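Trainee: Could you walk me through this one before I write up my notes? I'd like to go sheet by sheet and then look at the helices.

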Amino acid sequence: MYRYDEFDAALVRERIEEFRDQVERRASGALTEDEFKPLRLMNGVYLQLHAYMLRVAVPYGTMNSRQMRRLAHIARTYDKGYGHFTTRTNIQFNWPALTDLPAILSDLAEVEMHAIQTSGNCIRNVTTDVFAGAADDEIEDPRPWCEIIRQWSTIHPEFSFLPRKFKIAVVGAKKDRAALRTHDVGLQIVPGADGQTAFRVFVGGGQGRLPHIAQEIATAVSGRELLAYLTAILRAYNLLGRRDNIHKARIKILVASLGVDGFREEVERQFATLRHQDLRIPDSELARIQAYFAPPAFEQLPRRSPAYDRAVLADPDFARFGRNNIRRHRQPGYASVIVSLKPPAGVPGDITADQMEAVAGLARRFSFDEVRAAYEQNLVLPHVRLDDTPELWLRLAAAGLATPNADLVTDIIACPGLDYCSLANARSIPVAQALSRRLADLDLQERLGPVRINMSGCINACGHHHVGHIGVLGVDRKGEEYYQITVGGSPDEQAALGEIVGKSLCADEVAPAIARALDRYLAIRGEGERFIDTVRRVGADPFREAIYEPADATA
C-alpha cells in the first residue's frame, strides 16, 4: 500500500496545526458556529444531532493493522468505543468532543491517516473495488490510479470550492464492484489501442433528491492523459454548474440540462487546451506509485486446499461461511475473506474497538498486514491462504465477526439516520435491525440468494436506497416517520434506479412487507434467477401486490 512522502506528511501536519487554532477560537467563543462551519468541514467534522462527528478518510478502502489499531484507540479514548464504516469506505466517529478533535487528527497523522476532503464541496475520497489486486477477473489493479487521483486532487486550488461535492470511483474489471455509475465520475480500466491502460469515462451519476445513472462520455481515454481529462470535466462543471440552488448544483444536473452530447462537447473543448499542458503522468511517476501496490510475497500453492475441503466437510457452519464470505483469488491457493459488519439485529457498518483490534491482528497474521473497507459497509481480508481460512473463521467467530451473510438479504446497507444525523427525516437503524431479525434464518437467506437491501433516513440517500434491489427511504409525514419502498434498483454494470411501488409504510410494517415481497419472489422466480433477474423479467407489479397485502398494511 502507498506510504506518505514528505509532502503528504507536511501537508497533514500543517492542516492539523491550523485546525487546532480554529478549534481553540471556536471553544473560546471567538468564532461563531456559522463562522466555524466551513473550517470544520474542510477537516471532516460535521455537527450532528447530538455531537460533532469526525469522518476519517480511508483512501480506496485500504488500511494496515497499525492504522486499524489506531482507529480502535480513537474509539476507546475519544468516542464511545465504536466506529461506523460508510459506503465511501470511510469510518465515522459519532461522539468526539470538539476540543479533542486536534488530538485525534494528530493521532491519525502518526499512522498516515487524515480527514481532509471527507466533506465540503471538493473532490471526496476516491473509492474502488474492494477486491482490487486480488480479483481473478481484473484487467489491472485500479488502486495506483486512485492514488494518483488522490494526490492530484488533494487541496487542488481550482477544485476546492466546487458547486457541490464531487465523487470518483475507479474499477479495473468488467464487473463493477464499486457502483461507479452512481458517481459524479466513474472510471473503468480498459485496454487502450496502443496496449497501454485506458479508461471508459462515465459522468453525471448521483443519488439524492434527483437521482441519475452516469452516462458514458468517453470510451478510451489514455492513462497518461487521465488527469487532463478529469481536469476538463471538473473545469466544465466548475464554470457551468449551478451555485444558486444547492439541490441543483451537482454535476448530474448540469449533464442532464446540457445533454450528454452537449456536456461531452464542452469537456472536449476544455481537453483540447489541457492535453498539451504539463498534466501528463510521467512513466517514472506511474511506475513509482505502482510499486507500492505490487502483489505481496505469495507462496506457490495448488489451487485446491485439502485443509479447506476437510473443514467444509467436517463443519456445516464453516461450509456456509465458505459459500457466502470467501471469494476466489487470482493467486492459486489464496482467497479473499469478507468480514461481515452485519450481525443478526446489528447496526450495519458498526464495529467496536475490540473488534478493530481483532481485525488488525488477523490482518497481520493471515492477510499480509492488509485490510480493506468495502462499499457494502463490511471489511475484507484480501489475501488469505485457503489453508488458513478454517482457523481464521474460528478467530472471527470469537470476535463476533463471522456472520455468513455477505451479499445475502441481511447484508443491509444503511445510513445512521435520525439516531444521529441532523438531516434525516426518519430512523434507519431500528428498521434495519427489524429486517435483520425478521430474515435471520440462514437457510432462508441462502434460498433467497443475493438480495441487496439499501436504506436511507432521508432523500440525501447516504444509504443508496435508489440502487438497492429493494430500497427503503425514510420520509416525514406531519412529524411521523414513514418509509417508501422501491424495487428493481442496481448499483453494478447494469445500474438502474428502483421503482417506487406505492404509498409509504409505517415503521412496523416495513419488515413484514419486504418479507412478503421476498416470499413472492420465491414463488415466481425462474430457474437460476436471482431476485434482480426476476424483477427485470416480470416488473414491479407482483412485488407491489405482495407488499400491500393485506389491505391494513398501508398507512
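**Sheets and helix contacts**

Mentor: Let us begin with strand 9 and strand 10 (residues 215–222), which run antiparallel and are joined by five bridges. Within that pairing, A198 has S222 of strand 10 as its bridge partner. Please keep in mind throughout that this is a predicted model.

Trainee: Which sheet does that pair belong to, and in what order do the strands run?

Mentor: The pair is part of an open sheet of five strands with the order 6-7-8-9-10, in which the pairing is mixed. The edges are taken by strand 6 (127–128) and strand 10, each of which pairs on one side only.

Trainee: Where does the parallel part come in?

Mentor: Strand 7 (residues 168–171) pairs with strand 8 in the parallel sense, over four bridges, and in that pairing A169 stands opposite G186 of strand 8. On the other hand, strand 8 (residues 185–191) and strand 9 run antiparallel and are joined by seven bridges, with T197 of strand 9 as the bridge partner of P191.

Trainee: How many residues sit between strand 8 and strand 9 in their hairpin?

Mentor: There are five residues between the strands, and in this hairpin G195 takes a positive phi near 85°.

Trainee: Is strand 9 enclosed or open?

Mentor: Strand 9 (residues 197–203) is largely enclosed by the rest of the structure, because six of its seven residues are buried.

Trainee: I keep coming back to Q188. Is it buried or exposed?

Mentor: Q188, which has its place in strand 8, counts as buried because its relative accessibility is 5%, and the cut-off for buried is under 20%. Leaving aside residues up to four places away in sequence, Q188 touches V171, A173, K174, L180, R181, A198, F199, R200 and F202.

Trainee: What is the partner of strand 11, then?

Mentor: Strand 11 is joined to strand 12 (residues 334–339) by three bridges, and the two run antiparallel. In strand 12, A335 is the bridge partner of R328, and V337 is the bridge partner of I326. The two strands form a hairpin with five residues between them, where G333 in the turn has a positive phi of about 85°.

Trainee: And which residues of strand 12 are buried on each side?

Mentor: Y334, S336 and I338 are buried on one side and A335, V337 and V339 on the other, which leaves both faces of strand 12 covered. In a regular strand the side chains alternate between the two faces of the sheet. Strand 12 also pairs with strand 15 in the antiparallel sense over five bridges, and there Y334 stands opposite R385 of strand 15.

Trainee: Now the helix pairs. How do helix 5 and helix 6 cross?

Mentor: The axes of helix 5 (residues 143–153) and helix 6 (residues 226–240) come within 11 Å and cross at roughly 50°, which means that helix 5 is oblique to helix 6. The contact is made by W145, I148, I149 and W152 of helix 5 together with L226, L227, L230, T231 and L234 of helix 6, and these residues divide into eight nonpolar, one polar and no charged.

Trainee: How about helix 1 and helix 4, what angle do they make?

Mentor: The axes of helix 1 (residues 6–28) and helix 4 (residues 101–109) come within 9 Å and cross at roughly 170°, which means that helix 1 is roughly antiparallel to helix 4. The residues of this contact divide into nine nonpolar, one polar and two charged.

How values were computed: Residues are numbered from 1 along each chain as its sequence is written. This is a predicted model: local features need pLDDT of at least 70, side-chain atom pairs count only at pLDDT 80 or more; totals for chains, interfaces and linings use all residues. Side-chain values use heavy atoms; hydrogens and water are left out. Axes are lines fitted to C-alpha atoms, for helices over the stretch in contact, and angles run from 0 to 180 degrees between N-to-C directions. Angles under 35 degrees count as roughly parallel, over 145 as roughly antiparallel, 65 to 115 as roughly perpendicular and the rest as oblique. Contact means heavy atoms within 4.5 Å. Ala, Val, Leu, Ile, Met, Phe, Trp, Tyr, Cys and Pro count as nonpolar, Asp, Glu, Lys and Arg as charged, and the others, Gly among them, as polar. Buried means under 20% relative accessible area, exposed over 50%, partly exposed in between (1.4 Å probe, protein chains only). Two strands pair if DSSP finds at least two bridges between them.
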